[in-house]
Amino acid sequence: MSKLNVAVVYGGRSGEHEVSLRSAESIIAKLNPDRYHVHRYFVSPEGKWSPKAIQPEPGANPEIDVVFPITHGTFGEDGTMQGLFELADLPYVGPGVMGSAVAMDKEVAKRVLRDAGVPTVDFLIQRRGGLNPDAIIDKLGLPVFVKPANLGSSVGINKAKTRESLIAALDEAAKYDSKVVIERAIVGREFECSVLGNEDMSASYPCEILPEREFYDYEAKYILDTTRIELPANLDEAQTTTIRKLAVDAVRALDCEGMSRVDFLLETATGQFYVNEVNTLPGFTSISMYPKMWEHSGIAYADLLDRLIDLAIARHARHKATQFRR
Ligand SMILES: Nc1ncnc2c1ncn2[C@@H]1O[C@H](COP(=O)(O)OP(=O)(O)O)[C@@H](O)[C@H]1O
Ligand SMILES: [Mg+2]
């Protein structure tokens, strides 16, 4: 059996460049050397590829059988990178162009989820230049979460409890995106759940995130070592069933085949679960929750990589069977 040539694309132009390096090292270390030849494609923070770039023309990358992109965030997880692989006619791990783009935009994702009947926290949209704190307080009250529409890692996100801090939070979020999402703040707990599959999707057992801070902010994610994880999450059987079903519903609604990590909020007062967001190229370091939740659910890290690659190839084959011209 000849080995499959896997192009691991990593680094990239987003604020999550460093995380991507760690994700890639874990993946490369665990890809079964009996099955795969690994080819590294590093993308610098400026967007330069080395040792060379993937070419957009079909057939122009004969050394690649399948791509494993692990470029988190902007220009990697938002459909742009996925567009390159589509042009190149290469199978690739993770969701396609549309699902990636929709999941990345917090407003569009929430609209699609709402339309599919998947519970998501009430929100408002404001634009840079048209920021209006009183309209927010009128409609949502306080406290609220203020977020740039298209970013990650909690960058530019603040919880506002007063009118003054709301004004500051709006200005801060508007630095990172001309579109700002404002949400009612949920008092409760936070969970994550991994989803895997193309047409047939399954959800892992969920974990709970305990940031031990006001919320799961940038410091809690990458700098401090205070966040505790409970895996499996301390939920009863009915709640576990609900969260796993909602995770698959959310991923289907956003059309995110391959893999996604779905993040939840559970409101203490009402017992209601809300889908907070769907991450289409979740962290993949040795301590990242996407692979950890699968490990706990019976799929070891290396086997998960095999499955993701098989799913990428199957999706590409299905796509090839589709006619694009009369
Ligand atoms: N409506 C909300 N209510 C309570 N906490 C929230 C809400 N929205 C976000 N958070 C907190 O902020 C964190 C970051 O928000 P999130 O939307 O996940 O942004 P990012 O895409 O940057 O991860 C969440 O993990 C959670 O701790
Ligand atoms: Mg998040």
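Which residues does Tyr10 touch, not counting residues up to four places away in sequence? The first legend below gives the answer, and the views that follow cover the rest of this predicted model.

**View 1**
Leaving out residues up to four places away in sequence, Tyr10 touches Ser20, Leu21, Ser23, Ala24, Phe42, Ile70 and Thr71. Tyr10 has 25 C-beta neighbours inside 10 Å and therefore counts as buried. His72 is 62 residues from Tyr10 in sequence, with 8.3 Å between the two C-alpha atoms.

Strand 2 (residues 36–43) pairs with strand 3 in the antiparallel sense, over two bridges. Trp49 in strand 3 is the bridge partner of Val43.

**View 1. Strand 8 and its pairing with strand 5 and strand 6.**
Strand 5 (residues 123–127) and strand 8 (residues 179–184) run antiparallel and are joined by five bridges. Across this pairing, Val181 in strand 8 stands opposite Ile125. Strand 6 also pairs with strand 8 in the antiparallel sense, over five bridges. Here Arg184 in strand 8 stands opposite Val144.

**View 2. The domains and the contact of domain 1 with domain 2.**
The domain assignment gives domain 1 (4–94), domain 2 (101–119 + 187–280) and domain 3 (123–184). Taken over C-alpha atoms, the centres of domain 1 and domain 2 are 25 Å apart. Five residues from domain 1 and five residues from domain 2 make up the contact. On the side of domain 1 that touches domain 2, one residue is nonpolar, two are polar and two are charged.

**View 3. The largest nonpolar core.**
This core has 67 residues, of which Val8, Val67, Phe68, Ala250, Leu254 and Phe264 touch the most other members. Helix 8 (residues 237–254) gives the most to the core, with seven residues. The core lies between domain 1 (4–94) and domain 2 (101–119 + 187–280), because both give residues to it. Ala250 touches Leu113, Val118, Val262, Val275 and Val278, again not counting residues up to four places away in sequence. Another core, of 15 residues, lies apart from the largest one. Val146, Ile157, Ala174 and Ile182 are among the residues of that other core.

**View 4. The shell around ligand 1.**
Ligand 1 is surrounded by 18 residues, the closest being Phe145, Glu183, Ile186, Phe215 and Tyr216. By class, the shell has nine nonpolar, four polar and five charged residues. Strand 6 (144–148), strand 13 (258–267) and strand 14 (273–279) each supply at least two residues of the shell. Domain 2 (101–119 + 187–280) and domain 3 (123–184) each give at least three residues to the shell.

Notes
Residues numbered from 1 in each chain as written. Chains lettered and ligands numbered in written order. Predicted model: local features only at pLDDT ≥ 70, side-chain atom pairs only at ≥ 80, totals over all residues. Near = placed C-beta within 6 Å. Helix = DSSP H or I, 4+ residues; strand = E, 2+ residues; numbered from the N terminus. Nonpolar A, V, L, I, M, F, W, Y, C, P; charged D, E, K, R; others polar. Domains from an automatic or database assignment. Contact = placed C-beta atoms within 7 Å. Core = buried A, V, L, I, M, F, W, Y, C linked by C-beta atoms within 7 Å. Buried ≥ 20, exposed ≤ 12 C-beta atoms within 10 Å, placed from the backbone. Pairing = 2+ DSSP bridges.
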